[in-house]
Amino acid sequence: MVCGSSTQEDKNDHERYTTKFLGTNKLLLLGTGESGKTTIIKQMKILHINGYSNIERKEKIPLIKQNIHESIYAIVSNMDKLDPPVDVEKAETKESVDFILKLGSTGPSEFTEEYVRHVKAAWNDGGVRKTFERSNEYQLIDSTEIFLNKIDEINDPEYIPTNQDILFCRAVTRSITKIEFDIPVPKKYGGGTAEFWMFDVGGQRGERKKWIKVFAGIQAILFLIAASDFDMTLREDSSVNRLKEAFNLFRDIYSSVSVKDAAMIVFLNKQDVLQKKIEQGRKLEKYFPEYTNFKPNGKEECNNEYDRAKIFLKQKIIGIAQTPVFIENMGFAPGKNITEQLPPREVYIHYTIATDTNNIKKVFDSVHESILRKRVSEIGLY
């Protein structure tokens, strides 16, 4: 009796899960490492799941402190590796640089007054700042300037991380993460609420083999591309341009038969960093020679070089999506495969700043509605 009851309960649980799985809107975040995928997951928690409690915020403090050490260590350890190399401008800074280097990449077990003093002395040195400004020549996390500028606040015993601090703190994603949330459904689609599951997977090369595990039943892929990565190389391979890797990866995903029925949405992310780089005079054409003669088609407003750059990157995505995709299916006769051309599908492209909650809310309102419209259309109600 007990065994039979347990088996029936397991069957009922499986059926309930299957029903929920089929009725849920499933979104998969893809993209190269450090493109902003995990930041989007954090934004969904802030926007749709009541944000972070004080306990959860305090749990982020060790990670934020690790980000601080990772940042200052990366800067000072690369000063003599750059071409041309950079030296400290103040003689007394050498003591602080040596102190930081002796700690190694893992950093101190706690932020002592001595440690904070040396980090601040190094960060305030002109030579260290010049090395920071050349961060595209080595690997440095995006939160560097933000956290180093507020190290005293972060080291205060009463410090509680803000939403911005949480959005900027970084840890490498090495597992599949799922977040569940509900959003209101507009009355024109029937009203009520719609449930969403969003999956985040690691984007670095060694993590991509896990992607296939979450392809089944996906309604939409949100592919993130860090637009500002045009002058940077991969952490895992310094010979490969980050942005070119992102475009090649998008091409592979777009042409994959495993996700041929999923809506394809691209976030051209880190627009704030892209704009800053372009306004600083960084040359996109140095890495993408075709940009030299690029002229926008007039469909989007183009008032400056930054506008031209972001439109160029959008056109690169459109060009990939317009390339015919062919797949081979096994024929009835041995060795006689049938080549099939997949029908073209629309790619929705958004300019985003993943750390800007207002920007992401606006973009996701559009994304959610497009997904709901597609689901309703599939069952003939719209």
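Which residues have the most contacts inside the largest nonpolar core, and how many residues does that core have?

Guide: Keep in mind that this is a predicted model. The largest nonpolar core has 44 residues. Those with the most contacts inside it are I221, F223, I225, F250, I317 and V347. Helix α13 gives the most to this core, with eight residues.

Take V347 as a way in. Leave aside its neighbours within four places in sequence. V347 is then in contact with F250, Y254, M264, V266, I317 and A321. Two of these contacts, F250 and I317, are themselves among the residues with the most contacts in the core.

Now set the core in the whole chain. The protein chain holds 14 helices and eight strands. It has 382 residues, and 47% of them count as buried. Take the contacts between residues at least 6 apart in sequence: 73% of them join residues at least 24 apart. The accessible surface comes to about 20100 Å². Carbon and sulfur atoms account for 51% of that surface.

Next, the strands. β1 covers residues 25-31, and seven of its seven residues are buried. N25, L27, L29 and G31 point one way. K26, L28 and L30 point the other way. β1 pairs with β3 (residues 193-200) in the parallel sense, over five bridges. There, L29 has D200 as its bridge partner. β1 also pairs with β4 in the parallel sense, again over five bridges. On that side, L27 has A220 as its bridge partner.

E34 sits in the loop between β1 and α2 (37-48). E34 has a positive phi of about 65°, although it is not a glycine. Most residues other than glycine have a negative phi. E34 counts as buried because its relative accessible area is 15%, and the cut-off is under 20%. K270 also has a positive phi, about 60°, and is not a glycine either. K270 lies in the loop between β5 (263-269) and α12. Its relative accessible area is 10%, so K270 is buried. For a peptide bond to check, go to D83 and P84. A cis peptide bond joins them, with omega about 0°. P84 is in the loop between α4 and α5.

Turn to helix α6. Its buried residues are Y115, V116, H118, V119, A122 and W123. Seen down the axis of α6, they fall within an arc of 165°, so they line one face of the helix. The helix repeat explains such patterns: there are 3.6 residues a turn, so residues three or four places apart point the same way. The buried residues of α6 pack against α4, α5 (93-103), α7 (126-133), α8 (144-149) and α9.

Finish with the charged pairs. The count comes to 23 salt bridges. One of them ties α6 to α9. The side chains of D152 and K120 meet at 2.8 Å, N to O. D152 lies in α9 (residues 151-155) and K120 in α6 (residues 113-123), so the pair ties together parts 32 residues apart in sequence. D152 has 45% relative accessibility and counts as partly exposed. K120, at 31%, is partly exposed as well.

E70 forms another salt bridge, with R235; the closest N and O atoms are 3.9 Å apart. This pair links distant parts of the chain: E70 is in α4 (residues 61-78), and R235 is in the loop between β4 (220-226) and α11 (242-254), 165 residues apart. E70 is partly exposed at 25% relative accessibility. R235 is partly exposed at 30%.

R282 pairs with D231, and their closest N and O atoms are 2.8 Å apart. R282 is in the loop between α12 (271-279) and α13 (305-321), while D231 is in the loop between β4 and α11, 51 residues away. R282 is partly exposed, with a relative accessible area of 23%. D231 is buried, at 4%. Salt bridges that share partners join E34, E70, R170, D229, R235 and R242 into one network.

Definitions and conventions: Residues numbered from 1 in each chain as written. Predicted model: local features only at pLDDT ≥ 70, side-chain atom pairs only at ≥ 80, totals over all residues. Heavy atoms only, no water. Salt bridge = Lys/Arg side-chain N within 4 Å of Asp/Glu carboxyl O. Helix = DSSP H or I, 4+ residues; strand = E, 2+ residues; numbered from the N terminus. Buried < 20%, exposed > 50% of the residue type's maximum accessible area, 1.4 Å probe, protein only. Contact = heavy atoms within 4.5 Å. Areas by Shrake-Rupley, 256 points an atom, 1.4 Å probe, with all protein chains shown as cover. Arc of directions from axis to C-beta. Pairing = 2+ DSSP bridges. Core = buried A, V, L, I, M, F, W, Y, C linked by side-chain atoms within 4.5 Å.
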